Amino acid sequence: MRRRTRRGPTLPKPVWLLLFGGILAGCAGLPPYESDLPANLNVRTRLSSPSVLLTAPLAGSFDAYLHLTAVDRRCQKNYRGSVKLGGTVVSVGIQTDQPSYLVFEFSGRSLLTRGSASSTYATLLTPRSGHQYDVDVAYADEMYSITVYERNPRSGLRREVERRPFSACKPN
């Protein structure tokens, strides 16, 4: 004897995908970075998604963020917020003469394969008063390149700033 089960109303597949995408977008509610400080950190981003599956409509997503964390004299972290990176230059103000921990995060999610990938790059930066900091971010084919430059206010010349791990922070 075959048992009949009662099913509720079914939604067309595109509607389910839209609902699922909306749920995922709601989970990405990172607090935005806000600062009244003069802009001294300029991030130029060039992104090429790692896979066509991550960027096809309704197939997935690919995002890049800069997470900013203030670091006090005791090397205690205070998360300040995130900035979404994209095709335009993003300029923000960060505290000078005090370390900031910058974390660049690249992430992608494919709804078709139910897979995800992410990678991060982090550095401890102590901006000097009066200087500008330019960050060139490139991401292509699951590889990233991040270079931080310090720009001299008088000459405009740039010098590359060496990447520093958080462990380089020494309490005062």
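Predicted model: local features only at pLDDT ≥ 70, side-chain atom pairs only at ≥ 80, totals over all residues.
**Around threonine 147**
- Look for threonine 147 in strand 8, which covers residues 143-151.
- Which residues does threonine 147 touch, leaving aside its neighbours within four places in sequence? The contacts are Asp134, Val135, Asp136 and Glu160.
- One of these, aspartate 136, has threonine 147 as its bridge partner in strand 8.

- Five strands make up an open sheet with mixed pairing, and their order is 4-1-7-8-9.
- The edges belong to strand 4 (90-92) and strand 9; each has a single partner strand, so one side of each has no neighbour in the sheet.
- On average, neighbouring strands of this sheet are turned by 25° against each other, direction ignored.
- Strand 1 (residues 41-47) pairs with strand 7 (residues 132-140) in the parallel sense, over seven bridges.
- Within that part of the sheet, threonine 45 stands opposite valine 137 of strand 7.
- Strand 7 and strand 8 are antiparallel partners, with nine bridges between them.
- Strand 8 also runs antiparallel to strand 9, and four bridges join these two.
- Here valine 148 stands opposite valine 161 in strand 9.
- Strands 8 and 9 form a hairpin with six residues between them, and glycine 156 in its turn has a positive phi of about 80°.

**The chain as a whole**
- The chain contains two helices and nine strands.
- Read along the sequence, these elements follow the pattern α-β-α-β-β-β-β-β-β-β-β.
- How much of the chain is buried? Of its 172 residues, 34% count as buried.
- Among contacts with a separation of 6 or more, 62% are between residues 24 or more positions apart.

**The disulfide**
- A disulfide is a covalent bond between the sulfur atoms of two cysteines.
- Searching the whole structure turns up one disulfide.
- Its partners are cysteine 75 and cysteine 169, with sulfur atoms 2.0 Å apart.
- Cysteine 75 sits in the loop between strand 2 (60-71) and strand 3 (77-85), and cysteine 169 in the segment after strand 9 (158-161), so the pair ties together parts 94 residues apart in sequence.
- The link of cysteine 75 and cysteine 169 is left-handed, with -95° about the S-S bond.
- Are these cysteines buried or exposed? Both cysteine 75 and cysteine 169 are buried.

**The aromatic rings**
- The count of aromatic pairs is four.
- Tyrosine 101 and phenylalanine 166 form an edge-to-face pair, because their planes stand at 75°; their ring centres are 5.2 Å apart.
- Tyrosine 101 lies in strand 5 (residues 100-110) and phenylalanine 166 in the segment after strand 9, so this pair ties together parts 65 residues apart in sequence.
- Tyrosine 101 counts as buried, at 15% relative accessibility.
- Phenylalanine 106 and tyrosine 144 are stacked, because their planes are at 20°; their ring centres lie 5.5 Å apart.
- This pair links distant parts of the chain, with phenylalanine 106 in strand 5 and tyrosine 144 in strand 8, 38 residues apart.
- Phenylalanine 106 is buried, with a relative accessible area of 1%, whereas tyrosine 144 is partly exposed at 32%.
- Ring pairs join Phe104, Phe106, Tyr121 and Tyr144 into a cluster.

Key: Residues numbered from 1 in each chain as written. Heavy atoms only, no water. Disulfide = S-S within 2.5 Å. Buried < 20%, exposed > 50% of the residue type's maximum accessible area, 1.4 Å probe, protein only. Contact = heavy atoms within 4.5 Å. Pairing = 2+ DSSP bridges. Axes fitted to C-alpha atoms, helices over the stretch in contact; angles between N-to-C directions. Phe/Tyr/Trp six-rings, centres within 6.5 Å; stacked < 30°, edge-to-face > 60°.
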